[in-house]
Amino acid sequence: MAFSIFHLVLLYLSSTYSFSAFFLGVFAAFAAVKSENVFSAGHTSTIPIAAARDLRYLLYDVNPPEGFNLRRDVYIRMASLVKTLRKEGGDWVLVLPPWGRLYHWQSSDIDQIRIPWGEFFSITSLQANVPVIEYEEFIAENGGPFIDQVLVLQNYAEGWTEGKWEEKVDERPCFDKLMYYKDKQGYYRGWFWGYEETRARNVTCVSAQGHASIMAPVLQRNYTVTSVMLDRAETLLHDVYAGKDYWDTRRSMVFAKHLRLIGDEFRAKYLNSTDDRDLTTYREDWTRMRAKPGSAKGGPYLAVHLRRKDFIWGHREDVPSLKGAVKTISNLMKKHKLEKVFIATDADGEELKELKGMLPHMVRFEPSQEDLELLKDGGVAIIDQWICSHARFFIGTSVSTFSFRIHEEREILGFDPKTTYNRFCGDAEKECEQPTHWKIVY
Ligand SMILES: C[C@@H]1O[C@H](OP(=O)(O)OP(=O)(O)OC[C@H]2O[C@@H](n3cnc4c(=O)[nH]c(N)nc43)[C@H](O)[C@@H]2O)[C@@H](O)[C@H](O)[C@@H]1O
(Lines give C-alpha, C1' and ligand atoms only; values in the text may rest on other atoms or scores of the structure.)
Protein backbone atom coordinates (compact mmCIF):
# COMPACT_ATOMS: atom_id res chain seq x y z
CA MET A 1 0.00 0.00 0.00
CA ALA A 2 2.95 2.36 0.70
CA PHE A 3 3.76 2.56 -2.99
CA SER A 4 0.25 3.46 -4.07
CA ILE A 5 -0.30 6.06 -1.36
CA PHE A 6 2.95 7.76 -2.28
CA HIS A 7 1.94 7.98 -5.92
CA LEU A 8 -1.59 9.07 -5.19
CA VAL A 9 -0.33 11.93 -3.04
CA LEU A 10 2.31 13.02 -5.57
CA LEU A 11 -0.20 12.92 -8.39
CA TYR A 12 -2.68 14.92 -6.39
CA LEU A 13 -0.21 17.55 -5.21
CA SER A 14 1.20 18.11 -8.69
CA SER A 15 -2.28 18.71 -10.07
CA THR A 16 -3.47 20.86 -7.15
CA TYR A 17 -0.63 23.32 -7.23
CA SER A 18 -0.90 23.95 -10.92
CA PHE A 19 -4.27 25.62 -10.67
CA SER A 20 -4.32 29.35 -10.92
CA ALA A 21 -7.98 30.09 -10.41
CA PHE A 22 -7.66 31.25 -6.83
CA PHE A 23 -9.60 34.36 -7.50
CA LEU A 24 -13.04 35.38 -6.61
CA GLY A 25 -16.01 33.54 -7.96
CA VAL A 26 -18.81 35.56 -9.43
CA PHE A 27 -20.80 36.89 -6.55
CA ALA A 28 -24.09 38.68 -6.91
CA ALA A 29 -24.46 42.10 -5.41
CA PHE A 30 -26.02 41.66 -2.01
CA ALA A 31 -28.43 43.92 -0.25
CA ALA A 32 -26.86 45.98 2.48
CA VAL A 33 -27.69 44.88 6.01
CA LYS A 34 -27.95 47.01 9.08
CA SER A 35 -24.76 47.29 11.06
CA GLU A 36 -24.52 47.90 14.78
CA ASN A 37 -22.04 47.53 17.58
CA VAL A 38 -19.31 49.72 16.19
CA PHE A 39 -16.78 51.27 18.50
CA SER A 40 -17.78 54.41 20.31
CA ALA A 41 -18.06 57.50 18.13
CA GLY A 42 -14.87 59.40 17.63
CA HIS A 43 -12.59 56.39 17.20
CA THR A 44 -10.13 57.19 14.47
CA SER A 45 -7.61 54.87 12.94
CA THR A 46 -4.25 56.31 11.96
CA ILE A 47 -3.98 53.80 9.11
CA PRO A 48 -4.64 55.04 5.54
CA ILE A 49 -8.08 54.29 4.16
CA ALA A 50 -8.31 51.77 1.29
CA ALA A 51 -10.10 52.79 -1.89
CA ALA A 52 -13.82 51.98 -1.88
CA ARG A 53 -13.88 48.88 -4.11
CA ASP A 54 -10.42 47.52 -3.34
CA LEU A 55 -9.97 43.89 -2.50
CA ARG A 56 -9.70 43.33 1.24
CA TYR A 57 -8.25 40.33 3.01
CA LEU A 58 -9.42 38.76 6.23
CA LEU A 59 -6.80 36.61 7.95
CA TYR A 60 -7.25 34.82 11.24
CA ASP A 61 -5.59 32.55 13.77
CA VAL A 62 -6.75 30.49 16.73
CA ASN A 63 -5.52 29.94 20.30
CA PRO A 64 -2.38 27.72 19.88
CA PRO A 65 -3.50 24.71 22.00
CA GLU A 66 -6.70 24.17 20.03
CA GLY A 67 -6.95 21.06 17.86
CA PHE A 68 -7.61 20.46 14.18
CA ASN A 69 -11.36 19.95 14.36
CA LEU A 70 -12.00 22.86 16.66
CA ARG A 71 -10.11 24.96 14.11
CA ARG A 72 -12.39 23.63 11.39
CA ASP A 73 -15.26 24.97 13.48
CA VAL A 74 -13.62 28.43 13.68
CA TYR A 75 -13.26 28.39 9.88
CA ILE A 76 -17.06 28.15 9.63
CA ARG A 77 -17.42 31.25 11.83
CA MET A 78 -14.91 33.21 9.74
CA ALA A 79 -16.54 32.18 6.46
CA SER A 80 -19.81 33.47 7.86
CA LEU A 81 -18.19 36.81 8.75
CA VAL A 82 -16.77 37.14 5.23
CA LYS A 83 -20.22 36.44 3.77
CA THR A 84 -21.66 39.23 5.92
CA LEU A 85 -18.88 41.62 4.88
CA ARG A 86 -19.54 40.83 1.23
CA LYS A 87 -23.28 41.34 1.68
CA GLU A 88 -22.43 44.82 2.90
CA GLY A 89 -20.61 45.47 -0.37
CA GLY A 90 -16.95 44.87 0.55
CA ASP A 91 -14.73 42.79 -1.74
CA TRP A 92 -13.48 40.56 1.06
CA VAL A 93 -11.46 37.40 0.62
CA LEU A 94 -10.73 34.90 3.38
CA VAL A 95 -7.07 33.93 3.70
CA LEU A 96 -6.67 30.32 4.85
CA PRO A 97 -4.33 30.13 7.87
CA PRO A 98 -1.61 27.55 7.15
CA TRP A 99 -1.76 24.46 9.37
CA GLY A 100 1.03 23.64 11.75
CA ARG A 101 2.57 23.39 15.19
CA LEU A 102 -0.58 21.79 16.55
CA TYR A 103 -0.20 20.40 20.03
CA HIS A 104 -1.88 17.10 19.09
CA TRP A 105 0.33 16.46 16.06
CA GLN A 106 3.01 14.61 17.93
CA SER A 107 4.68 12.49 15.25
CA SER A 108 8.31 13.40 15.56
CA ASP A 109 10.78 13.84 12.70
CA ILE A 110 8.23 15.17 10.26
CA ASP A 111 7.89 18.74 9.12
CA GLN A 112 4.41 19.87 10.17
CA ILE A 113 4.31 23.63 9.71
CA ARG A 114 3.27 25.97 6.90
CA ILE A 115 0.93 23.31 5.52
CA PRO A 116 -1.47 24.76 2.93
CA TRP A 117 -5.16 23.92 3.17
CA GLY A 118 -4.96 22.22 -0.24
CA GLU A 119 -3.17 19.29 1.40
CA PHE A 120 -6.23 18.54 3.50
CA PHE A 121 -9.22 20.09 1.75
CA SER A 122 -10.47 20.66 -1.78
CA ILE A 123 -9.85 24.36 -2.43
CA THR A 124 -12.28 24.50 -5.35
CA SER A 125 -15.01 23.16 -3.03
CA LEU A 126 -14.24 25.82 -0.41
CA GLN A 127 -14.31 28.49 -3.12
CA ALA A 128 -17.78 27.45 -4.22
CA ASN A 129 -18.95 28.75 -0.83
CA VAL A 130 -16.88 31.85 -0.16
CA PRO A 131 -13.78 33.40 -1.80
CA VAL A 132 -10.70 31.91 -0.17
CA ILE A 133 -6.99 31.93 -0.96
CA GLU A 134 -3.99 30.18 0.54
CA TYR A 135 -1.64 32.30 2.64
CA GLU A 136 1.17 32.18 0.07
CA GLU A 137 -1.28 33.40 -2.53
CA PHE A 138 -2.02 36.33 -0.23
CA ILE A 139 1.70 37.15 0.02
CA ALA A 140 1.94 37.16 -3.77
CA GLU A 141 -1.19 39.26 -4.32
CA ASN A 142 -0.42 41.61 -1.46
CA GLY A 143 3.08 42.34 -2.70
CA GLY A 144 4.80 40.98 0.40
CA PRO A 145 4.39 39.39 3.81
CA PHE A 146 2.86 42.42 5.52
CA ILE A 147 -0.43 42.43 7.37
CA ASP A 148 -1.78 45.92 7.91
CA GLN A 149 -3.60 45.33 11.16
CA VAL A 150 -3.82 42.54 13.71
CA LEU A 151 -6.78 42.64 16.08
CA VAL A 152 -6.19 40.38 19.07
CA LEU A 153 -9.63 39.35 20.28
CA GLN A 154 -10.22 38.89 24.00
CA ASN A 155 -13.19 38.63 26.30
CA TYR A 156 -14.26 41.46 28.56
CA ALA A 157 -12.15 41.55 31.73
CA GLU A 158 -15.27 42.32 33.78
CA GLY A 159 -17.27 39.42 32.27
CA TRP A 160 -20.99 39.93 31.72
CA THR A 161 -22.26 43.21 33.11
CA GLU A 162 -25.04 42.75 35.72
CA GLY A 163 -25.28 39.13 34.63
CA LYS A 164 -26.68 40.26 31.27
CA TRP A 165 -25.51 38.87 27.92
CA GLU A 166 -25.12 41.57 25.33
CA GLU A 167 -23.24 41.69 22.06
CA LYS A 168 -20.48 44.25 22.10
CA VAL A 169 -17.06 45.11 20.68
CA ASP A 170 -14.60 47.66 22.09
CA GLU A 171 -10.97 48.49 21.65
CA ARG A 172 -9.44 47.77 25.06
CA PRO A 173 -5.96 47.43 26.59
CA CYS A 174 -4.57 43.90 26.16
CA PHE A 175 -5.10 41.95 29.36
CA ASP A 176 -3.08 38.86 28.40
CA LYS A 177 0.60 38.93 27.58
CA LEU A 178 0.82 40.04 23.96
CA MET A 179 2.28 37.34 21.68
CA TYR A 180 3.73 39.98 19.36
CA TYR A 181 6.81 42.18 19.76
CA LYS A 182 8.14 45.19 17.87
CA ASP A 183 11.29 44.74 15.80
CA LYS A 184 13.94 47.39 15.13
CA GLN A 185 12.02 48.70 12.11
CA GLY A 186 8.91 49.17 14.20
CA TYR A 187 7.00 46.20 12.74
CA TYR A 188 5.31 43.56 14.86
CA ARG A 189 6.67 40.03 14.78
CA GLY A 190 4.82 36.98 16.00
CA TRP A 191 4.10 33.32 15.22
CA PHE A 192 2.29 33.97 11.91
CA TRP A 193 1.98 30.23 11.13
CA GLY A 194 5.75 29.78 11.03
CA TYR A 195 6.36 32.46 8.37
CA GLU A 196 9.24 34.34 9.99
CA GLU A 197 9.28 37.05 7.36
CA THR A 198 5.67 38.02 8.02
CA ARG A 199 5.20 41.28 9.91
CA ALA A 200 2.25 43.36 11.02
CA ARG A 201 2.14 47.11 10.81
CA ASN A 202 -0.13 47.46 13.80
CA VAL A 203 -1.47 45.30 16.64
CA THR A 204 -4.50 46.27 18.73
CA CYS A 205 -6.49 44.39 21.37
CA VAL A 206 -10.24 44.30 21.03
CA SER A 207 -12.74 42.91 23.53
CA ALA A 208 -15.49 41.11 21.66
CA GLN A 209 -18.57 39.35 22.94
CA GLY A 210 -20.98 37.96 20.40
CA HIS A 211 -21.43 36.36 17.02
CA ALA A 212 -18.79 36.44 14.30
CA SER A 213 -20.60 39.07 12.28
CA ILE A 214 -20.46 41.65 15.08
CA MET A 215 -16.97 42.30 13.69
CA ALA A 216 -18.36 43.35 10.30
CA PRO A 217 -19.09 47.01 11.07
CA VAL A 218 -15.79 47.30 12.90
CA LEU A 219 -13.90 46.00 9.87
CA GLN A 220 -15.90 48.18 7.47
CA ARG A 221 -15.61 51.41 9.42
CA ASN A 222 -12.85 51.37 11.99
CA TYR A 223 -10.06 49.42 10.34
CA THR A 224 -10.35 50.33 6.70
CA VAL A 225 -6.98 48.92 5.68
CA THR A 226 -6.42 46.24 3.06
CA SER A 227 -5.53 43.28 5.30
CA VAL A 228 -6.82 42.60 8.79
CA MET A 229 -6.03 39.54 10.87
CA LEU A 230 -8.25 38.44 13.74
CA ASP A 231 -6.15 36.59 16.26
CA ARG A 232 -7.86 34.38 18.86
CA ALA A 233 -10.77 34.14 16.40
CA GLU A 234 -12.37 31.39 18.50
CA THR A 235 -13.53 34.21 20.82
CA LEU A 236 -16.35 34.86 18.34
CA LEU A 237 -19.41 32.62 18.29
CA HIS A 238 -21.20 31.09 15.32
CA ASP A 239 -23.61 33.47 13.63
CA VAL A 240 -26.26 30.74 13.51
CA TYR A 241 -25.11 27.29 14.64
CA ALA A 242 -26.40 24.53 12.34
CA GLY A 243 -28.41 26.91 10.14
CA LYS A 244 -28.25 26.96 6.32
CA ASP A 245 -25.14 29.12 6.20
CA TYR A 246 -23.37 26.85 8.73
CA TRP A 247 -24.19 23.78 6.68
CA ASP A 248 -23.25 25.37 3.36
CA THR A 249 -19.80 26.11 4.73
CA ARG A 250 -19.54 22.73 6.43
CA ARG A 251 -20.57 20.90 3.24
CA SER A 252 -17.98 22.88 1.28
CA MET A 253 -15.21 21.52 3.53
CA VAL A 254 -14.67 18.54 1.25
CA PHE A 255 -11.59 16.50 2.16
CA ALA A 256 -8.78 16.52 -0.40
CA LYS A 257 -9.35 13.83 -2.98
CA HIS A 258 -6.12 11.91 -2.37
CA LEU A 259 -7.08 11.43 1.31
CA ARG A 260 -10.56 10.19 0.37
CA LEU A 261 -9.07 7.79 -2.16
CA ILE A 262 -6.64 6.36 0.39
CA GLY A 263 -9.53 5.92 2.84
CA ASP A 264 -11.64 4.22 0.15
CA GLU A 265 -8.81 1.89 -0.80
CA PHE A 266 -8.38 0.93 2.86
CA ARG A 267 -12.12 0.30 3.29
CA ALA A 268 -12.18 -1.97 0.26
CA LYS A 269 -9.09 -3.89 1.29
CA TYR A 270 -9.60 -4.37 5.03
CA LEU A 271 -13.27 -3.71 5.72
CA ASN A 272 -15.05 -5.13 2.69
CA SER A 273 -16.63 -1.75 2.09
CA THR A 274 -17.35 -0.02 -1.24
CA ASP A 275 -19.64 2.89 -2.08
CA ASP A 276 -21.73 0.90 -4.53
CA ARG A 277 -22.58 -1.83 -2.05
CA ASP A 278 -22.82 0.49 0.95
CA LEU A 279 -24.89 3.19 -0.81
CA THR A 280 -22.48 5.95 0.11
CA THR A 281 -21.71 7.43 -3.29
CA TYR A 282 -20.19 10.89 -2.95
CA ARG A 283 -20.72 13.71 -5.42
CA GLU A 284 -17.59 15.68 -6.19
CA ASP A 285 -19.66 18.87 -6.39
CA TRP A 286 -20.95 19.39 -2.84
CA THR A 287 -23.60 21.85 -4.00
CA ARG A 288 -25.31 18.90 -5.74
CA MET A 289 -24.83 16.36 -2.93
CA ARG A 290 -28.16 15.79 -1.24
CA ALA A 291 -28.47 12.27 0.13
CA LYS A 292 -31.85 11.25 1.53
CA PRO A 293 -31.67 10.70 5.32
CA GLY A 294 -31.48 6.97 5.93
CA SER A 295 -30.42 6.15 2.36
CA ALA A 296 -26.82 5.18 3.26
CA LYS A 297 -26.26 1.61 4.43
CA GLY A 298 -22.57 1.77 5.32
CA GLY A 299 -19.83 -0.83 5.28
CA PRO A 300 -20.11 -4.03 7.35
CA TYR A 301 -18.10 -2.76 10.32
CA LEU A 302 -18.48 -0.86 13.56
CA ALA A 303 -16.48 2.37 13.67
CA VAL A 304 -15.22 3.85 16.89
CA HIS A 305 -13.64 7.18 17.75
CA LEU A 306 -11.98 6.73 21.10
CA ARG A 307 -10.44 10.01 22.28
CA ARG A 308 -7.75 9.59 24.96
CA LYS A 309 -4.72 11.74 25.91
CA ASP A 310 -5.90 15.11 27.30
CA PHE A 311 -9.46 13.74 27.56
CA ILE A 312 -8.38 11.22 30.21
CA TRP A 313 -5.74 13.29 31.97
CA GLY A 314 -8.52 15.46 33.34
CA HIS A 315 -10.22 12.31 34.77
CA ARG A 316 -13.41 13.25 33.04
CA GLU A 317 -16.51 11.45 34.12
CA ASP A 318 -17.86 11.09 30.57
CA VAL A 319 -14.83 9.23 29.14
CA PRO A 320 -14.71 5.44 29.64
CA SER A 321 -11.81 3.30 30.80
CA LEU A 322 -10.39 1.08 28.04
CA LYS A 323 -12.12 -1.90 29.63
CA GLY A 324 -15.43 -0.03 29.66
CA ALA A 325 -14.99 0.97 26.02
CA VAL A 326 -14.22 -2.61 24.95
CA LYS A 327 -17.33 -3.87 26.73
CA THR A 328 -19.48 -1.36 24.82
CA ILE A 329 -17.75 -2.24 21.52
CA SER A 330 -18.37 -5.98 22.00
CA ASN A 331 -22.04 -5.38 22.82
CA LEU A 332 -22.52 -3.18 19.76
CA MET A 333 -20.84 -5.71 17.47
CA LYS A 334 -23.14 -8.42 18.75
CA LYS A 335 -26.26 -6.23 18.55
CA HIS A 336 -25.58 -5.09 14.98
CA LYS A 337 -24.17 -8.44 13.84
CA LEU A 338 -20.87 -6.89 12.78
CA GLU A 339 -17.68 -8.89 12.76
CA LYS A 340 -15.20 -6.10 12.23
CA VAL A 341 -14.37 -3.03 14.24
CA PHE A 342 -12.39 -0.05 12.97
CA ILE A 343 -10.80 2.05 15.69
CA ALA A 344 -9.71 5.68 15.35
CA THR A 345 -7.91 6.84 18.43
CA ASP A 346 -5.15 9.10 19.73
CA ALA A 347 -4.28 6.53 22.43
CA ASP A 348 -0.56 6.27 23.25
CA GLY A 349 1.57 3.15 22.72
CA GLU A 350 0.82 1.64 26.15
CA GLU A 351 -2.93 2.05 25.78
CA LEU A 352 -2.88 0.72 22.23
CA LYS A 353 -1.15 -2.42 23.43
CA GLU A 354 -3.75 -2.87 26.14
CA LEU A 355 -6.56 -2.27 23.63
CA LYS A 356 -5.14 -4.77 21.13
CA GLY A 357 -4.82 -7.32 23.93
CA MET A 358 -8.57 -7.06 24.54
CA LEU A 359 -9.60 -6.66 20.86
CA PRO A 360 -7.03 -8.68 18.88
CA HIS A 361 -8.88 -8.32 15.56
CA MET A 362 -9.45 -4.59 15.67
CA VAL A 363 -8.59 -2.72 12.46
CA ARG A 364 -6.64 0.55 12.45
CA PHE A 365 -5.21 2.78 9.75
CA GLU A 366 -1.48 2.66 10.47
CA PRO A 367 0.63 4.39 7.80
CA SER A 368 4.31 3.58 7.31
CA GLN A 369 6.82 6.31 8.22
CA GLU A 370 7.17 7.13 4.51
CA ASP A 371 3.39 7.58 4.13
CA LEU A 372 3.16 9.55 7.36
CA GLU A 373 5.68 12.04 6.01
CA LEU A 374 3.40 12.67 3.05
CA LEU A 375 0.06 12.55 4.79
CA LYS A 376 1.15 14.17 8.05
CA ASP A 377 -0.83 13.78 11.28
CA GLY A 378 -3.62 15.93 9.83
CA GLY A 379 -4.00 13.67 6.79
CA VAL A 380 -4.08 10.54 8.96
CA ALA A 381 -6.77 12.11 11.17
CA ILE A 382 -8.87 12.88 8.07
CA ILE A 383 -8.49 9.32 6.74
CA ASP A 384 -9.56 7.99 10.18
CA GLN A 385 -12.59 10.29 10.04
CA TRP A 386 -13.42 9.28 6.47
CA ILE A 387 -13.35 5.57 7.34
CA CYS A 388 -15.50 6.16 10.46
CA SER A 389 -17.95 8.11 8.31
CA HIS A 390 -18.65 5.09 6.10
CA ALA A 391 -19.37 2.47 8.76
CA ARG A 392 -22.72 0.81 9.34
CA PHE A 393 -22.67 2.06 12.92
CA PHE A 394 -20.56 4.73 14.63
CA ILE A 395 -19.81 5.50 18.25
CA GLY A 396 -17.69 8.47 19.33
CA THR A 397 -16.39 10.27 22.38
CA SER A 398 -18.38 12.79 24.40
CA VAL A 399 -17.89 16.46 23.34
CA SER A 400 -14.98 15.74 21.04
CA THR A 401 -15.06 17.95 17.95
CA PHE A 402 -13.25 15.08 16.18
CA SER A 403 -16.38 12.94 16.74
CA PHE A 404 -18.70 15.87 15.90
CA ARG A 405 -17.11 16.29 12.48
CA ILE A 406 -17.71 12.55 11.84
CA HIS A 407 -21.39 13.02 12.77
CA GLU A 408 -21.63 15.79 10.18
CA GLU A 409 -19.89 13.77 7.49
CA ARG A 410 -22.30 10.87 8.08
CA GLU A 411 -25.24 13.27 7.96
CA ILE A 412 -23.98 14.49 4.56
CA LEU A 413 -23.67 10.89 3.33
CA GLY A 414 -27.29 10.18 4.34
CA PHE A 415 -27.04 7.84 7.34
CA ASP A 416 -29.91 7.16 9.68
CA PRO A 417 -29.21 9.37 12.75
CA LYS A 418 -29.61 6.33 15.02
CA THR A 419 -26.42 4.90 13.52
CA THR A 420 -24.46 8.13 14.05
CA TYR A 421 -25.28 10.11 17.19
CA ASN A 422 -23.84 7.69 19.71
CA ARG A 423 -21.14 8.14 22.29
CA PHE A 424 -19.35 6.14 24.96
CA CYS A 425 -20.47 6.64 28.54
CA GLY A 426 -18.07 7.02 31.42
CA ASP A 427 -17.81 3.88 33.61
CA ALA A 428 -19.56 5.63 36.48
CA GLU A 429 -21.54 8.20 34.55
CA LYS A 430 -25.09 8.44 35.81
CA GLU A 431 -26.86 10.33 33.05
CA CYS A 432 -25.22 9.49 29.76
CA GLU A 433 -26.89 11.96 27.44
CA GLN A 434 -26.30 11.11 23.78
CA PRO A 435 -25.17 13.65 21.17
CA THR A 436 -27.68 16.00 19.57
CA HIS A 437 -28.86 15.28 16.05
CA TRP A 438 -28.22 18.33 13.83
CA LYS A 439 -30.16 18.02 10.57
CA ILE A 440 -28.71 19.53 7.42
CA VAL A 441 -30.42 22.71 6.27
CA TYR A 442 -30.12 22.88 2.48
C1 LIG B 1 -9.52 19.10 25.40
C2 LIG B 1 -9.72 19.75 24.04
O3 LIG B 1 -9.86 18.74 23.05
C4 LIG B 1 -10.11 19.21 21.75
O5 LIG B 1 -10.01 18.06 20.91
P6 LIG B 1 -11.20 17.39 20.16
O7 LIG B 1 -12.39 18.25 20.27
O8 LIG B 1 -11.33 15.98 20.57
O9 LIG B 1 -10.68 17.28 18.64
P10 LIG B 1 -9.60 18.06 17.83
O11 LIG B 1 -9.84 19.52 17.87
O12 LIG B 1 -9.54 17.45 16.50
O13 LIG B 1 -8.22 17.75 18.56
C14 LIG B 1 -7.79 16.46 18.80
C15 LIG B 1 -6.60 16.08 17.92
O16 LIG B 1 -6.04 14.87 18.44
C17 LIG B 1 -5.73 13.96 17.39
N18 LIG B 1 -6.69 12.87 17.41
C19 LIG B 1 -7.72 12.69 18.28
N20 LIG B 1 -8.37 11.55 18.00
C21 LIG B 1 -7.77 11.00 16.93
C22 LIG B 1 -8.01 9.82 16.15
O23 LIG B 1 -8.92 9.04 16.40
N24 LIG B 1 -7.20 9.62 15.10
C25 LIG B 1 -6.19 10.46 14.77
N26 LIG B 1 -5.45 10.16 13.70
N27 LIG B 1 -5.91 11.56 15.48
C28 LIG B 1 -6.70 11.84 16.54
C29 LIG B 1 -5.90 14.76 16.09
O30 LIG B 1 -4.70 15.42 15.79
C31 LIG B 1 -6.97 15.76 16.49
O32 LIG B 1 -7.01 16.85 15.64
C33 LIG B 1 -9.01 20.15 21.29
O34 LIG B 1 -9.37 20.78 20.10
C35 LIG B 1 -8.80 21.23 22.30
O36 LIG B 1 -7.70 21.97 21.91
C37 LIG B 1 -8.56 20.64 23.67
O38 LIG B 1 -7.33 19.90 23.66
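Entry 1. I counted 29 salt bridges, taking a salt bridge as a side-chain nitrogen of Lys or Arg within 4 Å of a carboxyl oxygen of Asp or Glu. I keep in mind that this is a predicted model, in which local features need pLDDT of at least 70 and side-chain atom pairs count only at pLDDT 80 or more, while totals for chains, interfaces and linings use all residues. Residues are numbered from 1 along each chain as its sequence is written, and side-chain values use heavy atoms, with hydrogens and water left out.

Entry 2. I looked up Asp183, which forms a salt bridge with Arg189, their closest N and O atoms being 2.9 Å apart. Asp183 has 12% relative accessibility and counts as buried (buried is under 20% relative accessible area, exposed over 50%, partly exposed in between, with a 1.4 Å probe and protein chains only).

Entry 3. I then turned to Asp416, whose salt bridge with Lys418 has its closest N and O atoms 3.7 Å apart. Asp416 is partly exposed at 27%, whereas Lys418 is exposed at 63%.

Entry 4. I also noted a network of salt bridges that links Asp73, Arg77, Arg250, Arg405, Glu408 and Glu409.

Entry 5. Last, I checked helix 10 (residues 322-335) and helix 11 (residues 349-358), which pack at an angle of about 35° with their axes 10 Å apart. Here helices are DSSP runs of H or I with at least four residues, numbered from the N terminus, and axes are lines fitted to C-alpha atoms over the stretch in contact, with angles running from 0 to 180 degrees between N-to-C directions.

Technical notes:
Helices (H or I, at least four residues) and strands (E, at least two) are DSSP runs, numbered from the N terminus.
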